[in-house]
Amino acid sequence: MNADQMFSESITQKEKFWGKQADQIEWFKKPSKILTDDGINYPTWFEDGELNTCFLAVDKHVKDGFGEQVAIIYDSPVTNRIIKYTYNQVLENVSKFAGGLQKLGLEKGDTAIIYMPMIPESVFAMLACARLGVTHSVVFGGFAPKELAIRIDDCKPKAIITASSGMEVSRRIPYLPFVKEAISMSEHQPNYIVAFDRKLLGNRIDFKNDSTLVDFEKLLTESEPADCVSIESTHPLYILYTSGTTGKPKGVVRDNGGHAVAMKFSMKNIYGAKEGETFWAASDIGWAVGHSYSVYGPLINRNATIIFEGKPIGTPDAGTFWRIIEEHQVAVMFTAPTAIRAIKKEDPEGKFVKKYDLSSLRTQFLAGERCDVATLDWYDEFVSVPAIDHWWQTESGSPMLGLMPGIANVKIKRASAGKPIPGYDIKVFSEEGLELEPHHEGYLVIKLPLAPGAMMGIWGDPERFKFGYLSRFPGYYFSGDGAIKDEDGYVFVTGRVDDVINVAGHRLSTAEMEEVVSSHKEVAECCVVGIDDDLKGQVPFAIAVLKSGSEIDESVLEKEIVLLIREKIGAVASMKNALVVNRLPKTRSGKILRKLIRTMLDGKEYQMPSTIDDESIVAELQEKMNTYKKKYL
Ligand code: COA
Ligand code: AMP
C-alpha cells in the first residue's frame, strides 16, 4: 500500500485501518470497539481497550529479550556527561520510582506535575506516572513560577516532581526554588515535592526539616518495584498546557490507547525508524515534540532516544548536533528550523558539519514553525540528507501533514509541510466554511474524527474545547492555522490566524503577554504582536499607551515591561522590545488593528484597513516606529 492508498483507507474505512494499526501494539485487553462516534459527542478511539503505556515503552522490550539494548542516551554538554541506560536499567529505575510514588499515596486518577530539566530522571518520572495511571503534566523549565502556579491550580497535582537545578548553557536555573515560589502563589497545595538533588551542580537540598519534601533518589532506591496497572484506553496519560487565544493556557488531554497506536504508527511510517536504531528529537520534554518523540514514540518503537541537555550552538559550538549524530549513530533526527538557523548563522560555510561523519543519518525532520528556504538550502548543501518539513500541533501529538519515507521514497516540495497524514482529512476552508480550490489561502480545518492520539479535550473545560476548536466550522476541527493546497494535495501552512506566536519553535500567546503588559501601573492599554526575527522566526514586540499624566521615561518603561514578562511568563518569551505610543490604531468597533501594527513593524508594505477609525494614527505610529528602529534595532 502506498501513502495515498493508506490515507484513503484511513478516511473511508477508518475502523478497518485503525484496527490494523491497533494490532501493532500489545494490549492488556484488546479493544472490541475501534471508533465510538455517535455524531453528537466528540469521537473516541479503542474505548473498551486496556493497556499500559509504560509497559509498551519499557517492560515489553525486556520481556521480548531486548533488555540489554540501549534505551536512553543522556548527552549533556553542559555538564560534560554522557550516560547510557539499557531497557533493563530503565525498567529498574522506573518501576522502583513508581513504587516510591505509590508509597506517597499516588494512584490511578491522580495528577502529578513534572517540572524538570533534560535529565534521564525526568523521563523516569514520566514513565513511572504512566505505569501507575497517574496523569502527568510536564511544565517546560523556561516558564516562570507564575506560569507554573497557573498549571498547579488547574490540574491540582498530588505531587510535583522536580530537581534542585537545571543548566542553561552556563547559567544555573533554580528549579526547586521556582516550585516553592509557585506553590506559594497557588491555591492548590500538593501533598509532596519530590526533588532530584543534582549534586553535580553543587547546590545540595536539605531534606531534613520538611516532611513534604522528598528525596527523589532515596525514594527510588528504597522502594520496591511497582507493576504496570491496567489502564483504560481513554484514561488520560498526560495533560500538556499550550497557549491559546486567551491569557489562560489550555491543558490538552491525551489518552493512552490512541496515543500508543499513533506513536507506533508514526515512528514506523512517518519517521521510518527501525527498531533498535537511534532516534533523536532535539526538543525539551516540556513540549509536545519532547513528549511524543523524545520519550514515548522512540521507546514504544524500541529505539534508543537521546536526552540532550544543551543547545545547538554555544555548548560548546555549532558542531554539537553533528557530533551527537556521529557519536550515537543517529539514524533519524527531528528538530525545529530555528535550531538549524542558529547553526547556519554560526557556521555559514559548513566547517563544523564537515568535521563529522554523518553517514548514519537517513532523514532529518523539521517542524514547529515554517521552515524558510534559505535554511533548507544550507542544509541540503552541507548535510545532504532529505530534510522533511512536517506540520503538527500540541493538540494532535503527532504529525498531521508530512511525507512518509517509512513507506516509500518521497517527493519533497519546498516550503510545503507535505500531504495529509492518515487519519487527518485536511481541508482549506473559506470564511464561510466552503472548501477552497487549490492555490487559494484559507483556514486549515480537519474533518472529525481526528486520528487516534489527537487531543481528547481541554482539562476541566469542555466548553472551551467546543468553543475554541469545534464550533467555528461544525463537524470540523479548527486548527488556528492558515494554509494553501496545491493541485497535488501538498499543503503550504501560512501561519497562525489567531493571537498565537511561535518564538524559536515555542508556542506562546500574545494575549497572555498583553495581560502582563497591561498590569504595569503606568500602562493604559497595549498590544503585543509577533514580529519577524532572523533567528527565532518570530519575537514578541509590545506597544503601550501610557495612562494620562504618566511621566515615566519611555526607556525605563521598556526595561520594566521586559522584566515583567520575564518574571510572569518566563525567559522563554524572549520579549526584548516595547514602544510607547500616544494612540493605537483601531477599527470603528474598537478592535486593535494588530495585523497592521505587525506589518508596519516588519517594515512591509501595508494597505490602510477599510475599517480603521482614524487614519491619522497610522502616520503617527509610523514616525514613532521609525525613530525607535533607528535607535534600537
Ligand atoms: N529552562 C530555563 N530557561 C530556559 C529554558 C529552560 N529549559 N529554555 C530556554 N530558556 C531561556 C534561555 O536561557 C533564554 O534566556 P535568556 O533570554 O536569558 O538568554 C530564553 O529562555 C530564550 O530561550 P531560547 O528561545 O531557547 O533562546 P536561546 O537564545 O537560548 O537559543 C535557539 C536559541 C534557537 C538555539 C534555541 O531556541 C533552540 O535550540 N531552539 C530549538 C527549539 C525547539 O527545540 N523547539 C521545540 C519544538 S520542536
Ligand atoms: P505547537 O503546538 O507548539 O507544536 O505549535 C503548533 C503550531 O506551530 C502550529 O499551529 C503552527 O502554527 C506551527 N507549526 C508547526 N509546525 C509547522 C510547520 N511545519 N510549518 C509551519 N508552521 C508550523
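Is Glu275 buried, partly exposed or exposed? At 34% relative accessibility, Glu275 counts as partly exposed, where buried means under 20% relative accessible area, exposed over 50% and partly exposed in between, for a 1.4 Å probe and protein chains only.

The model is predicted, so that local features need pLDDT of at least 70 and side-chain atom pairs count only at pLDDT 80 or more, while totals for chains, interfaces and linings use all residues. Residues are numbered from 1 along each chain as its sequence is written, chains are lettered from A and ligands numbered from 1 in the order in which they are written, and side-chain values use heavy atoms, with hydrogens and water left out.

Glu275 takes part in a salt bridge with Lys264, the closest N and O atoms being 3.2 Å apart; a salt bridge is a side-chain nitrogen of Lys or Arg within 4 Å of a carboxyl oxygen of Asp or Glu. This pair links distant parts of the chain, with Lys264 in helix H9 (residues 257-270) and Glu275 in the loop between H9 and strand S16 (278-281), 11 residues apart. Helices (H or I, at least four residues) and strands (E, at least two) are DSSP runs, numbered from the N terminus. Lys264, at 9% relative accessibility, counts as buried.

The structure holds 40 salt bridges. One of them joins Lys419 to Asp4, with the closest N and O atoms 3.6 Å apart. Because Lys419 lies in strand S22 (residues 419-420) and Asp4 in helix H1 (residues 3-12), the pair ties together parts that are 415 residues apart in sequence. Asp4 is partly exposed, with a relative accessible area of 48%. The UniProt annotation "domain: Acetyl-coenzyme A synthetase N-terminal", from an unreviewed entry, covers residues 4-55; UniProt positions are given in the numbering used here, feature names are shortened, and annotations may be inferred rather than shown by experiment. This span is 40% helix and 12% strand, and its end C-alpha atoms lie 33 Å apart.

A further salt bridge connects Arg507 and Glu395, whose closest N and O atoms are 2.8 Å apart. Arg507 belongs to strand S29 (residues 506-509) and Glu395 to the loop between strand S20 (387-389) and strand S21 (401-402), 112 residues apart. Arg507 is buried, with a relative accessible area of 12%, and Glu395 is buried as well, with 2%. Elsewhere, salt bridges that share partners join Glu26, Lys60, Lys63 and Asp64 into one network.

Leaving out residues up to four places away in sequence, Phe97 touches Phe124, Ala125, Ala128, Ile161, Val194, Phe216, Leu219 and Leu220, contact meaning heavy atoms within 4.5 Å.

Rings of Phe, Tyr and Trp (its six-membered ring) pair if their centres lie within 6.5 Å, and planes under 30 degrees apart count as stacked, over 60 as edge-to-face and the rest as tilted. By this rule the count comes to 39 aromatic pairs. Tyr85 and Phe124 form an edge-to-face pair, 5.4 Å centre to centre with 85 degrees between the planes. Tyr85 lies in strand S5 (residues 81-86) and Phe124 in helix H5, so this pair ties together parts that are 39 residues apart in sequence. Both Tyr85 and Phe124 are buried. The pair of Trp322 and Trp378 is tilted, because the ring centres are 6.4 Å apart and the planes stand at 35 degrees. Trp322 lies in helix H11 (residues 320-328) and Trp378 in helix H14 (residues 373-382), 56 residues apart. Trp322, at 0% relative accessibility, counts as buried, as does Trp378 at 5%. Both belong to one aromatic cluster, formed by Trp280, Phe308, Phe321, Trp322, Trp378, Tyr379 and Phe382.
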